[in-house]
Amino acid sequence: MTRMEHADAVFAGVRPRLFGIAYRMSGSVADAEDLVQETWLRWQAADRDAVLNPDAYLATTITRLAINESKTARARRETYVGPWLPEPVDTAADPQIGAERGAVVELALLALLEKLTPTERAAYVLREAFDYPYERIAEIVRSTAVAARQLVSRARKRLAGERRARVEAAEQQRLLTAFVAAARAGDLAELERLFSDDVVSYSDSDGKARAARSPVVGARTLAKVVSAWAPEFWRDAETSFVQANGLAAVALRRDGVTFAVVTVTASAEGIDQVMWLVNPDKITAF
């Protein structure tokens, strides 16, 4: 095996993890792929004979690149039309996501991660999704092990304060199925019954599809909106259940083209979030 072939093999072995880190840091498949490619270029240019631990070197490289990218991505999203949601991935088919632990991949949690600083997000992702020891996290984010532990602790507390305990996957799918049936029928009473009192609906379109440009809050209000949209939104739509970021979702197609991916999160109080992904650039995986 030549030196370059060995370098290729080393990179291929850790690529799923690199993509997993980058995707959880960015919430974007395209940005994650770009970060993986930039990491590969740096690996090619590196003095590989001096690298004692290639896995650690590559994880450090992509995490630091992702921290920098997070700062520019936030600036870009200031011009995004309407709510921004992470890009969903098909976790039933995508080996790059499925190859690592499923933690920190749900859409709702990825959206919450946007509230963390890039360094907090990196520390949280490395610890919760990949079980990195605090000493390694410290090396990657250029801090001490004590500081790394504090970063993860702050992130956990902040996320816990904004996130209810979730129902099991089977119950989430049952509620999604009931929601789809009620939404298609425009059943106002059933929709309101399924929602928690403070349910929030987010529609991600970037202005490329007809959608609410601000969150819709409250069971009664959202039930009215969904019921009113039913005749147009669900007209001639073929629905199929898929797995998006580890949870059940429904893909809607018209004339063979997917025009929406919809999913919900739920707690003991009922459906507390509805996420409508209708930006065509974000649903190509389905």
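Mentor: Happy to! First a term: a residue is buried under 20% relative accessible area, exposed over 50% and partly exposed in between, judged with a 1.4 Å probe and protein chains only. Setting aside neighbours within four places in sequence, Ser-70 is in contact (heavy atoms within 4.5 Å) with Met-25 and Pro-118.

Some ground rules before we move on. This is a predicted model, in which local features need pLDDT of at least 70 and side-chain atom pairs count only at pLDDT 80 or more, while totals for chains, interfaces and linings use all residues. Residues are numbered from 1 along each chain as its sequence is written, and side-chain values use heavy atoms, with hydrogens and water left out. Helices (H or I, at least four residues) and strands (E, at least two) are DSSP runs, numbered from the N terminus.

Now to the part I would pick for you: the sheet. Here 6 strands form an open sheet with mixed pairing, in the order E2-E1-E6-E5-E4-E3. Strand E2 (216-217) and strand E3 (238-244) are the edges; each has a single partner strand, so one side of each lacks a neighbour in the sheet. Two strands pair if DSSP finds at least two bridges between them. In general, strands of a sheet pair through backbone hydrogen bonds, either parallel or antiparallel.

Follow strand E1 (195-204) next. Of its 10 residues, 7 are buried, leaving E1 mostly covered. Towards E2, the pairing is antiparallel over 2 bridges, and Ser-201 has Val-216 in E2 as its bridge partner. Towards E6, E1 runs parallel, joined by 6 bridges; there Asp-204 is the bridge partner of Leu-277. Moving along the order, strand E5 (residues 257-267) and strand E6 (residues 270-277) run antiparallel and are joined by 7 bridges. In this pair, Thr-265 stands opposite Gln-273 in E6.

Helices pack against these strands too. For the angles, axes are lines fitted to C-alpha atoms, for helices over the stretch in contact, and values run from 0 to 180 degrees between N-to-C directions. Helix H9 (residues 169-185) lies across E1, E3, strand E4 (247-254), E5 and E6, and runs at about 125 degrees to E5. H11 also packs on the sheet, where it touches E1, E2, E4, E5 and E6, with its direction at about 45 degrees to that of E1.

Glu-232 lies in H11, which spans residues 219-233. With a relative accessible area of 46%, Glu-232 is partly exposed. Not counting residues up to four places away in sequence, Glu-232 touches Arg-210 and Arg-254. A further arginine to look for is Arg-184: 48 residues separate Glu-232 and Arg-184 in sequence, and their C-alpha atoms are 9.8 Å apart. If you colour E1 and H11 in your viewer, you can trace the bridges of E1 to E6 and the packing of H11 on the sheet.
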